[in-house]
Amino acid sequence: MLLTNHKTVDGSRWALDGYFLSLGTNLSTLLEMSREKMYRTLKTLSDAESAIGEEEAPIDPYQEVWAAGVTYLRSREARKAESTVADMYQKVYEAERPEIFSKSIGWRVAGNGAPIRIRKDSRWNVPEPELVLVINRYNEIVGYCAGNDVSSRDIEGENPLYLPQAKIYNGSCALGHGIWICEPNEIKDIPIRLQVQRANESIFNGETNTATMKRTLPELVEFLTRELDFPQGVFLMTGTCLVPDGDFTLQPDDVVVIRVGELKIENWVLGS
């Protein structure tokens with residue numbers, strides 16, 4: 001099942017498999033339910049009205065997006081290469097406790113076709129394509145979407161304590177194009193692809209698979225929710241393995257295309 005969010009004359013409206021859900025239905029309410037109850041409820045809420053209207057980010061305004069870092073070997077190597085304290089990334093990669101940080105609030109998230117941004121005080125900016133888990137209030141995984149954890153690598157590399165500035169700013173988080181609702185055991189061996197286009201030419205192409213992730217998905221969820229409650233659910237970015245070489249940086253008007261399984265999100269880079 002695919003949940004999408006659309007801009008209409010009545011405001012944002014959710015749809016299931018191409019048909020609008022009942023007016024007033026929102027994701028926050030759905031994620032207040034258990035996984036089993038949500039699945040049953042969704043099947044009763046869809047009507048015969050075809051979903052139309054511009055797609056918006058598949059998140060409600062006050063839901064949170066969190067992120068896990070250094071969950072793949074390639075990410076560890078990239079962080080070590082950029083940092084003045086490289087050994088800390090080796091340590092967190094090997095440690096029992098993962099790196100987890102707050103990324104965005106829902107109203108800041110860009111959807112499919114919307115712009116993302118690069119910081120004007122940074123010279124080295126990259127897209128980070130990620131599998132993003134959707135988790136309900138009971139800490140159950142109910143599905144996933146595609147995400148882009150846009151990052152300023154030079155700012156984080158200068159000092160790890162600058163990570164919030166490198167990761168959290170206007171236009172630094174994109175989710176889309178919808179949420180694939182499924183059982184947790186279906187979320188395995190998911191292909192992740194990244195393409196960056198500049199002046200109608202492809203300047204970067206890469207592909208990986210979630211099977212190469214060091215951490216398990218339940219492990220990441222457990223650490224996120226160990227001492228935090230999310231009464232209306234939460235999104236968790238699970239890290240990236242596709243890291244462009246050090247001579248690559250995003251530029252205004254670049255187009256970033258990310259595919260996670262069958263889901264696709266495309267964003268263009270807004271000048272600072």
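In which strand is the place of Asn125? Asn125 belongs to strand β9, residues 125-126. The model is predicted, so that local features need pLDDT of at least 70 and side-chain atom pairs count only at pLDDT 80 or more, while totals for chains, interfaces and linings use all residues. Residues are numbered from 1 along each chain as its sequence is written, and side-chain values use heavy atoms, with hydrogens and water left out.

View A. Strands are DSSP runs of E with at least two residues, and helices are runs of H or I with at least four, both numbered from the N terminus. Asn125 counts as buried because its relative accessibility is 1%; buried means under 20% relative accessible area, exposed over 50% and partly exposed in between, with a 1.4 Å probe and protein chains only. Leaving aside residues up to four places away in sequence, Asn125 touches Ile118, Arg119, Ser151, Ser152, Tyr169, Phe248, Thr249 and Leu250 (contact: heavy atoms within 4.5 Å).

**View B. The pair of Trp66 and Phe230.** The structure holds two aromatic pairs. Rings of Phe, Tyr and Trp (its six-membered ring) pair if their centres lie within 6.5 Å; planes under 30 degrees apart count as stacked, over 60 as edge-to-face and the rest as tilted. The ring centres of Trp66 and Phe230 are 6.3 Å apart and the planes stand at 75 degrees, so this pair is edge-to-face. It joins distant parts of the chain, 164 residues apart: Trp66 is in strand β6 (residues 64-69), and Phe230 is in the loop between α7 (217-225) and β16 (234-237). Trp66 is buried at 16% relative accessible area, and Phe230 is buried at 5%.

**View C. The pair of Phe204 and Phe248.** With centres 6.2 Å apart and planes at 50 degrees, these rings form a tilted pair. Phe204 lies in strand β15 (residues 201-209) and Phe248 in the loop between β16 and β17 (255-260), 44 residues apart. Both Phe204 and Phe248 are buried.

**View D. Cys145 and Cys173.** A search of the whole structure finds zero disulfides, a disulfide being a pair of cysteine sulfur atoms within 2.5 Å. The cysteine sulfur closest to that of Cys145 is in Cys173, 8.7 Å away, which is too far for a bond. Cys145 is buried, with a relative accessible area of 0%, and Cys173 is buried at 1%.
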